[in-house]
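Have the sequence and the 3D view open as you read.

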Amino acid sequence: MNDKEISERLNPESIMQVFANRIEAELERHQMAVKLDKHLADLEKLVSERTASLERSNQSLSDFAFIASHDLQEPLRKVNILGGMLKSLNKGLNDKSLDCIERMQNATVRMQSYIDDLLMFSRLTAEDSHFVKTDCNKIIKEILLDLEAKINESRGTIHVDKFPEIEADPFQIRQLFLNLISNALKYRKEDVAPVVYISSQINNDGNMDIKVEDNGIGFDEKYKDRIFLLFQRLHGKSSYEGTGIGLSICKRIVDHHHGFITVNSSPGEGAVFRVVLPAKQNRLSAKS
Ligand SMILES: Nc1ncnc2c1ncn2[C@@H]1O[C@H](COP(=O)(O)OP(=O)(O)OP(=O)(O)O)[C@@H](O)[C@H]1O
Ligand SMILES: [Mg+2]
């Protein structure tokens with residue numbers, strides 16, 4: 001830089017120009033920051049409004065299911081009792097009439113199990129989750145004892161890995177494994193003894209990665225999301241009994257634990273259900 005250039009740079013007009021440019025840029029930056037803050041505040045407001053409305057609709061759905069299920073039980077019980085009375089009061093009923101009454105009573109039993117499952121589903125709320133240190137080994141052992149008759153009858157084998165301790169709601173974890181293991185046994189191939197692998201490992205990110213793997217009839221993966229919805233069934237109720245609530249309960253439980261559940265399968269090739277649960281929860285119950 002020569003002397004002339006230096007003196008031009010130092011002249012008050014140029015200095016003022018530099019300052020003016022700086023101030024203009026600063027003002028622009030400040031305006032952008034104010035705008036951004038406003039957008040952020042609007043966005044936060046929108047998210048909290050949406051969350052509140054979602055919570056309200058979840059709550060009213062649960063309330064509805066609870067009340068409806070309760071109020072449905074009484075008339076159902078009555079229909080069943082009246083059916084029984086009709087049978088015993090009219091000894092001379094022909095086979096067709098008896099068959100009709102029997103089918104009506106069977107339908108009430110099916111309806112009762114829908115109601116029981118719906119009640120269980122509606123009672124499963126996030127607020128009622130109590131996270132404590134949970135021993136999955138003990139829970140699975142108990143489930144296998146409860147399912148002993150079913151396992152023996154199907155000549156099934158269940159292999160279980162050793163599970164590390166996690167922070168979870170033991171009641172819900174029991175329900176989760178019970179539904180997955182029951183499905184693995186239920187959706188078996190007609191002439192193949194079921195073999196089920198239940199494995200677990202702690203991932204690098206500290207999450208527990210659980211797999212329940214079977215060698216059963218499997219299903220087309222295009223239905224992999226649908227089966228987690230309420231009342232969705234892929235296989236006929238004449239061959240496989242059920243209400244289609246089990247996996248919706250699993251999904252709800254996994255959501256409460258801030259984890260996720262997915263499945264891989266193809267027809268005739270068995271199914272692998274994968275559940276990922278955080279080993280630790282933010283909000284531990286006093287009991288743990
Ligand atoms: N291990 C599995 N192998 C093949 N299909 C499965 C398996 N688990 C679930 N499914 C399919 O997903 C559907 C939904 O399962 P879900 O457990 O929710 O209901 P369900 O077993 O029919 O009734 P329930 O409410 O008594 O459990 C089942 O009807 C079945 O078609
Ligand atoms: Mg099921």
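With 9 residues, α6 gives the most to the lining of the largest pocket (helices are DSSP runs of H or I, at least four residues, and strands are runs of E, at least two, numbered from the N terminus). Among the other elements that supply at least two lining residues each are α3 (95–123) and β7 (271–278). Keep in mind that this is a predicted model, where local features need pLDDT of at least 70, side-chain atom pairs count only at pLDDT 80 or more, and totals for chains, interfaces and linings use all residues. Residues are numbered from 1 along each chain as its sequence is written, chains are lettered from A and ligands numbered from 1 in the order written, and side-chain values use heavy atoms, leaving out hydrogens and water.

Where does the largest pocket lie? Domain 1 (1–123) and domain 2 (131–278) both give residues to its lining, so it lies between them; the domain bounds come from an automatic or database domain assignment.

Now for ligand 1. It has 19 residues around it, and Y187, R233, H235, T243 and L247 come nearest (being near takes a heavy atom within 4 Å). Look for the polar contacts, pairs of N or O atoms within 3.5 Å. An oxygen of ligand 1 sits 2.8 Å from a polar backbone atom of L247, and an oxygen is 2.9 Å from a polar backbone atom of G246.

Note on methods
Polar contact = N/O pair within 3.5 Å; in protein donor to acceptor, adjacent residues only side chain to side chain.
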